[in-house]
Amino acid sequence: MKRIKNIFIVLVIVTLCLSVNALAQKDPVVIGLQGPLTGSAAVEGEMAKQCVETAALMINEKGGILDGRMIEIELVDDAAQPRAGALAAMKLVSMREVVASIATYGSSVTQPASDIYEKFNKVNIAYGATVTGLSERGLNYFFRTCGRTDTQGIFFAEEVVPYFGASRVAILHDNTSFALGLAEEARKALLDAGEAELVYFDAITPGESDYTVPLTRLRETNPEVFYFTGYFSEAGLIIRQAREIGIDAVFVGGDAAINEDFIRIAGLEYAAGCYMTQEALIQYFTNPEAMEFKEKYQATYGTLPSSPWSVYAGDALMVLAEAIDKTGSTDSDVLVDYLKNEMEEFPSITGPIGFDEKGDRVGTGINLYVVNDDGSYSIVER
C-alpha cells in the first residue's frame with residue numbers, strides 16, 4: 001500500500017511538472033514596437049520602450065493572454081526619420097512572429113511607416129502622431145491611441161487665447177507635417193472664432209542653433225500670445241532666445257514642444273511659466289489601470305513619464321493584447337474588426353478606449369498646462 005501511495009505521489013509530481021513545463025513552452029505573442037531609440041527624439045523613444053515594457057509586465061503577471069502565452073516586445077529604431085520609419089516598418093513586417101506593431105512617434109515618420117503596414121496587411125497603432133490627415137487616407141489597418149491636431153487647434157483658439165484675454169496672436173512652426181498641421185488647424189480655428197488677430201505666421205528651420213532672425217520679425221508684430229507648434233529640441237532654444245531679445249508674450253507650446261528635455265535646453269529660468277496644450281499627463285489619472293501602471297513604472301524607473309505619447313504606446317499594447325485575447329486570433333482582419341466594432345470603453349491606462357471607423361481613438365481630451373518653478377507641470381484651471 002505504501003509503495004502504491006508513493007507511486008501515486010510521484011505521478012502527481014510528474015504531471016504537475018509536465019503541466020508547468022508545457023505552460024512555459026508556449027510560444028510568446030510578439031508585438032513590434034517602432035520608435036526613436038536614437039536621434040533627437042530618443043527621450044521619447046526610451047520612454048515609449050519603458051511604458052510598453054511596463055504594460056507587458058502588467059499583462060504577463062496576470063497570466064498573459066490566450067491561456068498563458070506571454071507578451072514579448074520586438075524593438076526597432078526609426079530615429080524619428082521618415083525614411084528610417086519606412087525601413088523599420090519593413091523590418092517588422094518581415095518578421096513572421098510579429099503579429100502587430102505599435103508605431104510610432106512623429107506624424108512625418110508614421111505616414112510612410114503606416115503605408116508599409118497597410119501594404120502588408122498588418123495592424124499598426126500610432127502613439128504619438130496627431131496630424132489629422134493620417135486617418136483620412138482610407139487605411140484599414142491604421143489606428144492611434146492619441147488625439148488629432150484639429151482638436152488641439154480648436155482648443156488653442158477657443159480656450160487658450162480667451163483665457164489670456166489676448167487680441168494679438170503669433171504662430172511659429174517648423175514645416176514638419178505635424179507642426180505645420182497643428183499651426184494650420186490653430187490658424188483656421190482662430191479665423192473661425194474671430195476674437196483675436198493673427199499677427200504673425202511663419203516657419204523656422206529645425207536643427208539650427210540661432211533663431212533670432214525669425215524671432216526678431218515676430219517681436220515687431222507685438223503679440224500677446226506666442227504659439228510654437230514644433231518640437232522640444234527647437235522650443236527650448238526658441239524660448240531662451242525670445243526672452244533674450246525682449247519678447248515677453250505668453251509662450252505656449254504645442255503637444256510636442258515641452259518635456260524634460262525642453263526644460264534642460266531652455267534652462268528652468270526660461271522654462272518656468274511656459275504653457276503647453278497637451279493631452280492628459282499620466283500623473284493626473286486615478287483609474288485602477290493607471291494606478292497600477294504608475295506603481296510599476298515608478299518602482300522600476302524612479303519617476304513617471306514626462307510626456308503622454310509614451311503612455312499611449314503602453315495603451316496600444318493593452319488594446320492589442322485585449323483584441324488578441326478576446327478574439328483568440330492574431331489575424332489582422334479579425335483584430336481590425338474587433339477594434340473598430342467590438343471594443344468600446346476598454347479600461348486602459350489612460351482611461352476608456354474605443355476606435356471609430358477611421359481608426360481614431362474616441363474621446364481624447366486636451367488640457368492647458370504650465371511649467372512650475374520647480375520644473376513640474378500643473379493643469380491650468382480655466
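Colleague: Happy to look at this one with you! Where is the place of Ala 79?

Modeller: This is a predicted model, and in it Ala 79 sits in the loop between strand E2 (71–77) and helix H3 (82–93). Its phi is near 55°, a positive value in a residue other than glycine.

Colleague: What makes a positive phi worth a remark?

Modeller: Most residues other than glycine have a negative phi. Glu 345 also has a positive phi, near 50°, and its place is the loop between helix H13 (332–341) and strand E11 (346–348).

Colleague: Why does Glu 345 count as exposed?

Modeller: The cut-off for exposed is over 50% relative accessible area. Glu 345 has 64% relative accessibility, so Glu 345 counts as exposed.

Colleague: Now the whole chain. How many helices and strands does the protein have?

Modeller: There are 13 helices and 14 strands.

Colleague: And why is the protein called as compact as a globular protein of that length?

Modeller: The radius of gyration is 23 Å, close to the 21 Å that the globule rule gives for 382 residues, so the protein is as compact as a globular protein of that length. Along the principal axes, the C-alpha atoms fill a box of roughly 100 × 45 × 35 Å.

Colleague: What share of the residues is buried?

Modeller: With buried meaning under 20% relative accessible area, buried residues make up 55% of the 382.

Methods: Residues are numbered from 1 along each chain as its sequence is written. This is a predicted model: local features need pLDDT of at least 70, side-chain atom pairs count only at pLDDT 80 or more; totals for chains, interfaces and linings use all residues. Side-chain values use heavy atoms; hydrogens and water are left out. Helices (H or I, at least four residues) and strands (E, at least two) are DSSP runs, numbered from the N terminus. The radius of gyration is taken over C-alpha atoms; the globule rule is 2.2 Å times the number of residues to the power 0.38. Buried means under 20% relative accessible area, exposed over 50%, partly exposed in between (1.4 Å probe, protein chains only).
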